[in-house]
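Visitor: I'm new to this one and would like a close look at a single part. Could you walk me through it slowly?

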Amino acid sequence: MTQDFNIDLAVGRAVNRLRQERGKTVTGLSSEAGISQAMISRIENGQVSPSLATLAAIAAALQVPVMALLAQPGDTGDVHHVKAGQGLPSRRVAQDHVHEYLLLGKHGGPGGSFQSARIRIAADQAGQLPSYQHEGHVFLYVMSGAARYRCGPEQFDLSPGDTLSFDAKLAHGFTKITGAHVEFITVSARPN
């Protein structure tokens, strides 16, 4: 750690960032952690050195380990560099459906998780296309081919260059590969 590192400010910034990522107000965090609003505010502004018991209560309310409040930002972080045409070969298996894909990146932490993949589904091997539903958001970019995709009650015909982004709590998934194949990049982000 550098000499100018201030643990109280770092903890305060971490509490503020995590609280905002989770959409909590100071009042809401105060209530859930059993700590006064004034104390939460003073912690977030780096004006006090909270006890371990206070940090544990805040961490529990934010649903993170206590260490997430103590980590110095910028110390470490995962970086994935994937060269063109490469990635981690992976396989998605669902009832009556299997497709191969390349995992391009995957990260997780106190703020949530993120995954990106390049996927190709051939029409003659599509079988029963699976449907998904989860917390978070999804982004699709179609590289080649054509397909129909469902988000909740709506259906979208997708072709090269098209994008689709949506709240993943809507039931979603391809309903039909309308060309010989569809190849796309997908990015999925989920809260913890």
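What relative accessibility does Arg-118 have, and what does that count as?

Guide: Before we zoom in, a word on what you're looking at. This is a predicted model, where local features need pLDDT of at least 70 and side-chain atom pairs count only at pLDDT 80 or more, while totals for chains, interfaces and linings use all residues. Residues are numbered from 1 along each chain as its sequence is written, and side-chain values use heavy atoms, leaving out hydrogens and water.

Now to your residue. Arg-118 has a relative accessibility of 28%, so it counts as partly exposed (buried is under 20% relative accessible area, exposed is over 50%, and partly exposed is in between, using a 1.4 Å probe and protein chains only). Arg-118 has a partner, too: a salt bridge joins it to Glu-183, with the closest N and O atoms 2.8 Å apart. (That term asks for a side-chain nitrogen of Lys or Arg within 4 Å of a carboxyl oxygen of Asp or Glu.) Arg-118 belongs to strand β3 (residues 112-122) and Glu-183 to strand β9 (residues 181-190), so the pair ties together parts that are 65 residues apart in sequence. (Strands are DSSP runs of E with at least two residues, helices are runs of H or I with at least four, and both are numbered from the N terminus.)

Take a look at Glu-183 itself. Its relative accessible area is 12%, so it is buried. Glu-183 also meets the side chain of Arg-120 in a salt bridge, at 3.2 Å from N to O. Here again distant parts of the chain are linked, with Glu-183 in β9 and Arg-120 in β3, 63 residues apart. Arg-120 counts as partly exposed, because its relative accessibility is 45%.

Stay with Arg-120 for a moment, as it leads us to another residue of β9. His-181 lies in that strand, and its side chain makes a polar contact with the side chain of Arg-120 at 3.3 Å. (A polar contact is a pair of N or O atoms within 3.5 Å; within protein, one must be able to donate a hydrogen and the other to accept it, and residues adjacent in sequence count only if both atoms are side-chain atoms.) His-181 has a relative accessibility of 16%, so it counts as buried. Setting aside neighbours within four places in sequence, the residues in contact with His-181 include Arg-120, Ile-121, Ser-144 and Ala-146 (contact means heavy atoms within 4.5 Å).

Next, strand β5, residues 147-151.

β5 pairs in the antiparallel sense with strand β6 (residues 154-158) over five bridges (pairing takes at least two DSSP bridges between two strands). Ala-147 has Leu-158 as its bridge partner in β6. Two residues separate β5 and β6 in a hairpin, and Gly-152 in the turn has a positive phi of about 60 degrees. β5 also pairs in the antiparallel sense with strand β8 (residues 172-176), over four bridges. In β8, Phe-174 is the bridge partner of Tyr-149.

Finally, back to salt bridges: a search of the whole structure finds eight. One of them joins Arg-17 and Glu-21 at 3.2 Å between the closest N and O atoms, and both residues lie in helix α1, four residues apart, about one turn of the helix.
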